[in-house]
Amino acid sequence: MIIRKMQEQHLDAVLDIEENSFSHPWSRVSFEDELKKENSYVFVALEDEKVIGYCVMNVVLDEGNLLDIAVDKNHRRSGVAKELFYKLFEVASEQKLSFITLEVRVSNEGAIKLYDALGFTQVAVRKNYYSKPSEDAVLMTKYFDL
């Protein structure tokens, strides 16, 4: 598996994973916009040049905000998301970020366990953050020593 910066050529595969992962998926335009932003870090996980996962993180000052992460259903629970996070942690180190924050559905126990294992802590609950279906989000943050 290789982690690389997402390119426009990856978008069809990314959109397929996105649409199969979320009830309210991002549009092509949303991904295209993130690819153009200087303060966005957008990566894909590739296996034999095939996209098997991706992530999008936005940085403002010394704060990282994970906007989107997903793994192809046939590659879940095989370390893909963990490798994507390791890449984001490299960015955090290079950019001297104080923390990375993310939101996750309260029902997504697998993701919450992964985030816990990666050093994220639960800091708040955002009521009715998600729709389709309506659900609270757990706000999780990983702090870095500068």
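# A guided tour of the model

Start by selecting helix H2 (28-36), E2 and H3, each of which supplies at least two residues to the lining of the second largest pocket. Helices (H or I, at least four residues) and strands (E, at least two) are DSSP runs, numbered from the N terminus. A pocket here is an open set of points on a 1 Å grid over the protein atoms alone, where a 1.4 Å probe fits, with protein on both sides within 12 Å along at least five of seven lines; lining residues have an atom within 4 Å of a point.

Before you go on, note that this is a predicted model: local features need pLDDT of at least 70, side-chain atom pairs count only at pLDDT 80 or more, and totals for chains, interfaces and linings use all residues. Residues are numbered from 1 along each chain as its sequence is written, and side-chain values use heavy atoms, leaving out hydrogens and water.

**Stop 1**

About 240 Å³ of space lies inside, a volume being the space filled by probe spheres set on the grid points, which are joined across faces, edges and corners.

Now move to the largest pocket, with a volume of about 1200 Å³. Select Phe-22, Ile-69, Asn-108, Ala-111 and Tyr-115, the closest to its centre of the 36 residues that line it. Which element gives the most to this lining? Colour E4 to see the answer: E4 supplies seven residues.

**Stop 1: the cores**

Next, show the largest nonpolar core, which has 30 residues; Phe-85, Ile-100, Tyr-115 and Phe-120 have the most contacts inside it. Such a core is a set of buried Ala, Val, Leu, Ile, Met, Phe, Trp, Tyr and Cys residues joined through side-chain atoms within 4.5 Å. Buried means under 20% relative accessible area, exposed over 50%, and partly exposed in between (1.4 Å probe, protein chains only). H3 gives the most to this core, with eight residues. In soluble globular proteins, nonpolar side chains tend to be buried together.

Zoom in on Phe-85: not counting residues up to four places away in sequence, Phe-85 touches Leu-66, Ile-69, Leu-102, Tyr-115, Leu-118 and Phe-120. Contact means heavy atoms within 4.5 Å. A second, separate core of 13 residues includes Leu-11, Ile-17, Val-42 and Val-51.

**Stop 3**

Then pick Met-57 in strand E3 (residues 50-60). Is Met-57 buried or exposed? Met-57 counts as buried because its relative accessible area is 0%. Among its contacts beyond four places in sequence are Leu-88 and Val-91, both buried residues of H3.

**Stop 4**

Most residues other than glycine have a negative phi, and most peptide bonds are trans. Select Glu-49, where phi is near 65°, in the loop between E2 and E3. Leu-61, in the loop between E3 and E4, has a phi near 55° and counts as exposed at 79% relative accessibility. Finish at Lys-132 and Pro-133, joined by a cis peptide bond with omega about 0°; Pro-133 is found in the loop between E6 and E7.
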